[in-house]
Amino acid sequence: MHIPDGYLSPSTCAVLYGSALPFWCVALRCVKSLFHTRLIPLISVFAAFAFVIMMFNVPIPGGTTAHAVGVGIATVVLGPWASMLSISAALFLQALFFGDGGLTTLGANCFNMAIIGSLAAYLVYHLLARRAAITASRRVVAAAIAGYVAINASALCAAIELGLQPLLFKNAAGAPLYAPYPLSISVPAMMIGHLTFAGLAELVITGGVVAYLQRANPILLAHAAPGARLAGIEVLEAARRDTARTIRSLWTAIALLLVLTPLGILAAGAAWGEWSAKDFSNPAVRAQIMAVSEHASPPAQTPRGLARLSTVWTAPFPNYSPSFVRQRAFGYMLSAMFGVGVIILISLFTSWLAARIRPGPGEVETEEA
Amino acid sequence: MPAGSRQTRSFIERTAAVLVDALERAFYAEEVAHEPGFLQRLDPRIKLLGILALMITVVAVRSLKVIAGLFLVALIIAVLSHVPLRSLLKRVWVAVLLFTGVIALPALFTTPGRIAGRLPALGWTITAQGLTSAGFLVARAETAATLCVLLILTTPWAQVLKALRVLKAPVVLVTILGMTYRYLFLLLETARDMFESRRSRLVGKLNGSERRRVAASSAGVLMSKSFDLSSEVYSAMLSRGFHGEVYALDEFESRPFDWIMLGACALVIAAAFWLGG
Amino acid sequence: MSVAEPAVFELRDVTYRYHQVKALDCLCLAIRPGSRVALLGANGSGKSTLLRILDGLCFPQEGSVWFCGQPLSEETLARDGFGFRRRVGLVFQNPDVQLFSPTVFDELAFGPLQLRWPTAEIRRRVSETLDLMEIAHLRDRSPHHLSMGEKKRVALASILVLDPEILLLDEPTAALDPKSESHMIDFRVRAKGGAKTIVTATHDLDIAEDIADTCCVFQEGRVAAEGPPSQILSNVPLLEQTSLLHSHLHTHKSGAVHAHPHLHRHEH
């Protein structure tokens with residue numbers, strides 16, 4: 001997701017630097033008022049931490065490894081503003097020293113990963129964790145999902161930025177000057193990788209580190225969790241066992257979701273909300289929509305809102321064939337989701353089976369993320 | 001789960017290898033920075049400005065020939081600055097080609113336009129627009145990456161920071177970047193030691209979830225250490241009179257040579273825009 | 001204990017808790033001007049905490065700390081500007097936390113810059129100190145390229161550049177041969193007329209005689225014994241009892257919970 005130099009036009013880069021700037025300014029002010037004079041060492045050391053985390057090979061279900069960004073865990077521990085600054089500093093150094101991401105595209109990368117990522121992670125974490133105790137397993141689940149959502153939100157932003165390039169910047173002969181793929185390709189291509197590998201890596205790291213900190217250093221989790229109760233050490237052990245169980249059910253839920261979503265959509269023959277405006281005037285399609293909408297008859301006329309929306313969507317793209325390409329890309333995405341879901345289910349089942357066959361003292365521990 | 005000890009090993013070894021590689025790269029950067037070459041002699045401020053301007057030019061121009069010309073300029077600078085081309089080839093050109101090349105390849109077929117050729121076996125059509133587009137992507141990425149590496153290889157990090165400060169970047173941000181780089185090494189070493197000691201202790205099998213636990217708890221340990229480190233550093237700063245503001249001592253002396261080179265850089269950029277804007 | 005000149009530091013019934021764990025327990029201590037004090041004790045006996053309190057980095061929950069006859073607290077430290085920071089310098093045990101600047105030169109210049117010295121003065125003092133510590137050749141190096149011994153020397157130099165009246169050292173020989181370290185301290189003291197107060201925390205009994213004229217033996221956050229080095233170092237039962245000798249024979253109480261592993265504190 002680190003966009004290199006040359007993929008985005010100078011004007012896109014400028015716009016994204018411009019969009020990142022106010023966030024950086026607000027973040028600096030917020031962090032200053034939160035951490036006072038501690039700001040500099042805190043942000044610096046955590047930027048270094050994020051940098052190292054980006055180099056970790058995180059094992060994900062299915063036997064492969066992927067890299068995480070660390071934005072989930074940085075937000076959970078430091079809060080969104082400090083996380084924004086730390087991740088931005090880490091991205092700058094990565095671009096400069098390791099060529100991961102460009103310098104002209106640094107604004108874009110910071111906007112996607114540091115800013116959107118931190119805000120998304122913060123929102124999800126707080127919505128899900130609410131006022132749960134610091135050592136509650138609910139926080140592990142909330143953090144894991146926050147990391148997953150944050151990475152996918154960042155990837156979606158990057159995909160949109162890349163996908164807009166060929167529509168806006170072409171030479172006289174019609175050849176794209178920057179990233180060559182339109183939204184119909186860039187969005188699914190990015191999202192397949194991030195809904196699966198990169199997203200899971202972030203999920204594993206965020207949830208896993210929170211689970212670790214709950215046992216080893218719960219005070220760290222209290223910084224960015226106002227209103228949470230900090231439980232005594234004696235309840236940590238119980239919380240830990242509880243966590244193991246919740247993590248397993250979390251995995252199961254995700255796997256089922258991944259498997260059932262494509263199945264449900266394929267069974268219905270059409271995706272809810274995926275109809276093009278044309279479908280409404282086609283009687284066969286209307287019957288199908290009626291079937292999946294539990295026989296609530298759809299309007300014969302295209303709903304005016306949908307019509308307006310669809311022209312907004314297609315107007316800037318003259319050479320764009322929405323239904324066909326979107327359908328195919330959508331199909332890829334569905335099969336990827338299905339595949340990953342099946343893999344997770346199989347590995348869950350195997351480990352469950354292994355535990356039945358060879359029950360040992362490590363049984364509880366092995367199921368921790 | 002079929003994850004045996006071989007796989008466990010390779011996951012831990014891979015992570016340790018990446019960390020060691022990162023350390024070695026950074027050390028290499030400081031070595032070339034002390035060679036007596038062309039870029040090394042330039043005033044860091046002028047070097048920073050010049051190279052950033054060249055990078056923006058590479059991204060902005062709309063002619064493949066002009067980008068190729070700028071690549072040639074980068075090549076000449078590299079030779080004059082004693083940067084070994086072999087290391088550029090390995091670290092930049094091949095690495096970028098592998099990444100961007102793979103990304104650009106499908107564009108040959110998917111970009112609509114005039115048909116320029118057909119793939120022999122599969123019969124897929126390659127468009128002229130696709131070729132141009134892939135060419136732009138690869139050429140821009142290669143040239144910009146080369147320029148960025150030249151800057152980093154020929155400038156000690158402390159001088160980059162000073163140049164940033166002189167060019168009016170906020171002192172707080174520059175201090176954060178400097179300190180991040182400083183503690184990056186400490187944390188990298190800590191992480192490497194952690195993985196190496198884990199590797200020496202691990203003899204049995206680890207299944208998938210255990211490996212995930214190893215990764216997550218390593219990250220967790222690192223996070224706790226980071227937090228302790230940041231409070232210790234804060235104490236050390238307080239002890240020496242720090243109270244939230246940072247001050248810096250920056251003086252650069254630019255000679256006529258530096259200004260001539262800035263002029264030359266401006267000339268190259270102007271020519272690039274005139275030919276391919 | 002009434003004398004004409006007030007003690008540099010005086011601690012009265014100081015108790016400091018770190019997350020419910022008592023690091024200092026009703027500690028009373030006075031440090032005379034010009035004295036060289038060694039704080040002896042095993043790891044976790046409260047020496048480092050004491051140095052931090054003396055340096056005004058943390059403040060005790062109970063009891064009071066006096067600096068040259070004035071109370072030392074967060075408020076007085078904030079009010080007095082930089083007089084205190086200028087006069088008292090602490091060299092941390094881990095030089096990595098103290099070397100946070102991009103180069104050795106920047107590191108030495110950090111303190112003077114914070115104290116707003118004039119630029120010419122800063123340059124003069126920094127290059128003087130670099131020569132004094134024989135590290136002028138490291139001037140433009142990054143701290144992470146230095147050896148442990150070099151890091152320790154730079155850390156000491158970064159404090160000496162401020163020319164503090166009171167020098168606090170935390171385990172100065174932890175990763176260094178004792179001779180070169182005590183040589184550096186002696187050199188430093190001689191060069192400046194020898195009127196410095198130096199407080200050194202260490203568990204290294206070999207250097208105590210060289211660096212101190214008074215030894216305080218620490219145990220569980222209290223002073224177990226105080227006296228001249230010759231007297232303390234010959235008291236073998238005392239040293240054994242305070243873990244300074246045969247410290248590996250110590251047993252931990254079973255069931256003691258390690259809430260904060262990085263503290264390395266053991267409960268007896």
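Tutor: Let us begin with the order of elements. This is a predicted model, and along the sequence chain B runs α-α-α-α-α-α-β-β-α-α-α-α-α. In total, chain B has eleven helices and two strands.

Student: What radius of gyration does chain B have, beside that of a compact globule of 277 residues?

Tutor: Chain B has 24 Å, whereas a compact globule of that length would have a value near 19 Å. The C-alpha trace of chain B spans about 60 × 60 × 30 Å along its principal axes. Of its 277 residues, 47% count as buried. Among the contacts in chain B with a separation of 6 or more, 78% join residues 24 or more positions apart.

Student: How does one describe two packed helices?

Tutor: One gives the angle between their axes and the distance between the axes. Here helix α7 of chain A (residues 183-216) packs against helix α10 of chain B (residues 208-239) at about 60°, and their axes are 8 Å apart. This angle makes α7(A) oblique to α10(B).

Student: Is the crossing of α7(A) and α10(B) left-handed or right-handed?

Tutor: The crossing of α7(A) and α10(B) is right-handed.

Technical notes
Residues are numbered from 1 along each chain as its sequence is written. Chains are lettered from A and ligands numbered from 1 in the order in which they are written. This is a predicted model: local features need pLDDT of at least 70, side-chain atom pairs count only at pLDDT 80 or more; totals for chains, interfaces and linings use all residues. Axes are lines fitted to C-alpha atoms, for helices over the stretch in contact, and angles run from 0 to 180 degrees between N-to-C directions. Helices (H or I, at least four residues) and strands (E, at least two) are DSSP runs, numbered from the N terminus. Angles under 35 degrees count as roughly parallel, over 145 as roughly antiparallel, 65 to 115 as roughly perpendicular and the rest as oblique. A crossing is left-handed if the near helix is turned anticlockwise from the far one by less than a right angle, and right-handed if clockwise. The radius of gyration is taken over C-alpha atoms; the globule rule is 2.2 Å times the number of residues to the power 0.38. A residue is buried if 20 or more other C-beta atoms lie within 10 Å of its own, exposed if 12 or fewer, and partly exposed in between; C-beta atoms are placed from the backbone. Two residues are in contact if their C-beta atoms, placed from the backbone, lie within 7 Å.
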